[in-house]
Structure formats: C-alpha cells, structure tokens
Amino acid sequence: MSAPLLSLSGISRHFGALKAVDDVSIDVPTGARHALIGPNGAGKSTLFRLVTGSMPVSSGTVTLGGSDITRLPEFRRARRGISQTLQHSSLFLSQTVQQNVLLAAQRQYGTRHAIVPREQAAARERARALLADVGLEGRAGTPVSALSHGERRQLEVAVALACQPRLLLLDEPAAGMSPAESARLVELLKSLPESVTVVIVEHDLEVVFALATSVTVLHLGRVLLTGSPDEVRASAAVQEAYLGTGRGSLFLDMAEPAHLEVS
Ligand SMILES: Nc1ncnc2c1ncn2[C@@H]1O[C@H](COP(=O)(O)OP(=O)(O)OP(=O)(O)O)[C@@H](O)[C@H]1O
Ligand SMILES: [Mg+2]
C-alpha cells in the first residue's frame, strides 16, 4: 500500500452543539478512488470543506503528501493540488463551456504576468481535450446557462481537472446525470492517472461501487467504517445506518447484494 496522499487525523467541526464532523480519521492512499458515503446530514460536505480549507477545523490535523496543511488558507491548499467540484454548482453561467474550462486551465500560469501566446495555445488544447474526455466536445461554444443539469456536472469535472490536481474531491458529481452520463463519468474517473487521487461523495451507489477502491461510511459525523467495497456492502452496521434513516433503498437499489430483505 502506498503512503497516504491525504491523511485526516481526528478532525472535528462543531456548529454550536452540533458535531457535524466528529473525530474523523481517514488515510487515502495515493492513486485511490475513495468514496465517502452516508445518509443526508452525515457530514460529508463539511468534511470536504475541512480538506479544502473553505472552513477551519475545530480540532484535528489534515495532512497532504506528508505536509500538515491544517492551518493553510484555501488558496494555498489549491496551489498544492487540491481541486473540487461542489454539491451546488460554481460555474460561470453567462460564459461558454470552453471559457469556463479555459479560466481554470490558465490559472496555473498565475496572475502576475499576462499569459503568452504559447501558454494560451497549450491551455486551449488542454481545454479541448478535457471537454472531449467528459463528453462535451460539441458544446464548447454553448453558454453554460443552456446546458442540461447533467452536462453542467460533466463540465464541473472538466473544470476541476483543468487545475491538474493531485487530489480531486467530487461532491455528488452524478446527481442529476442520466445513467449513460454517470457511466461515462465512472469511466473517466477510472481512466485518470494514478497521480490523481480521487475522493468522491456520492449517493448513487452504482457509481460508488463501480469506481471505489475503498469506502468510508460516515454517520452522524463519525466514521462508521472504512474498508473495501465488499466489506462495506457486507456490513450490518452500514445497512442499519441507512435503513434506520429511511434511505434503505440506497443499498436495496443495487443488483448486489440480493440477500437484503425489506421488512
Ligand atoms: N455552516 C453550517 N452551520 C451550521 N450547521 C451546518 C453548517 N454546515 C452544515 N451544517 C450541518 O452539519 C450537518 C452535516 O451537514 P453536511 O452538509 O456536511 O452533510 P452531508 O453529509 O453533506 O449531507 P447531504 O448528503 O444532504 O449533502 C448537518 O446537520 C448540517 O445541517
Ligand atoms: Mg452534502
């Protein structure tokens, strides 16, 4: 097993009396496709915020590639290779598909000097390739406001990848996608090089189990279990956490396992 790229050590985030994230420790190895699942309100999106730095931890340590980044502001963490898609869209709606990806692709050249033509050409080529990868090659000139919901999610993935991340955090990227679009997303994420480590929050367990090499189940802010996809599928505690919140269909939707019975 390779060294963890991302290491969360006893991180918590409290909102008053609510422990949204409660003493969570997770190691995500370099190259992993790690899924974070759990019922609504489990603390998944909050956990992402603690990793990106858009929200400070109440306690605990966040380590990226062996460096403690707990106190670094969000933009410094981004420079160290953390990129994300959000649960709620952050695209520039009046801009075109290509402009959105280009903005992200050009960010690596910094803002201290004007981008020279060679860099511009490279960024354009990268934007074109990324749009092809996510299945939006025919939509480059389309304003984002004219895209379907699923297409916007595809574009968000392209924007996040344009920053050439080491760590890609995806918060419900398949929400609102058609089955064909989700399948394409899974293929894309699987085809990313090992140098890109992926952590995905996703309610669609078909996507989770098609992609994940490891899974953490969060419940009420705490880690219920981290394990292989098979271990998580088989866990009685996990079944209970979902069934107990009326989201039992999450697991029952799956073709496997077929041994679950609804009472
Ligand atoms: N800024 C905030 N202030 C107060 N409470 C918050 C804040 N952000 C999140 N919470 C609360 O923290 C808990 C965890 O929320 P979070 O959004 O992390 O859950 P989630 O697992 O992403 O849920 P979902 O699957 O619905 O997206 C919830 O009870 C939520 O209401
Ligand atoms: Mg969320």
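Helices (H or I, at least four residues) and strands (E, at least two) are DSSP runs here, numbered from the N terminus. By that count, the protein has ten helices and ten strands. Keep in mind that this is a predicted model: local features need pLDDT of at least 70, side-chain atom pairs count only at pLDDT 80 or more, and totals for chains, interfaces and linings use all residues. Residues are numbered from 1 along each chain as its sequence is written, while chains are lettered from A and ligands numbered from 1 in the order in which they are written.

How far can you trust it? The pLDDT, which is the predictor's confidence in each residue from 0 to 100, averages 88 for the protein, and 89% of the residues score at least 70. Residues 252-263 are another matter, with pLDDT below 50; beyond near neighbours in sequence, this stretch has ten contacts in the model. (Two residues are in contact if their C-beta atoms, placed from the backbone, lie within 7 Å.) Where pLDDT is low, the predicted coordinates should not be read in detail.

Now for the inside. A residue is buried if 20 or more other C-beta atoms lie within 10 Å of its own, exposed if 12 or fewer, and partly exposed in between, with C-beta atoms placed from the backbone. Of the 263 residues, 39% count as buried.

Finally, which residues surround ligand 1? Counting a residue as near if its C-beta atom, placed from the backbone, lies within 6 Å, they are Phe15, Leu18, Ala20, Gly38, Asn40, Gly41, Ala42, Gly43, Lys44, Ser45, Thr46 and Gln87. Strand E2 (18-29) and helix H1 (44-52) each give two or more residues to this shell, and H1 gives the most, with three.
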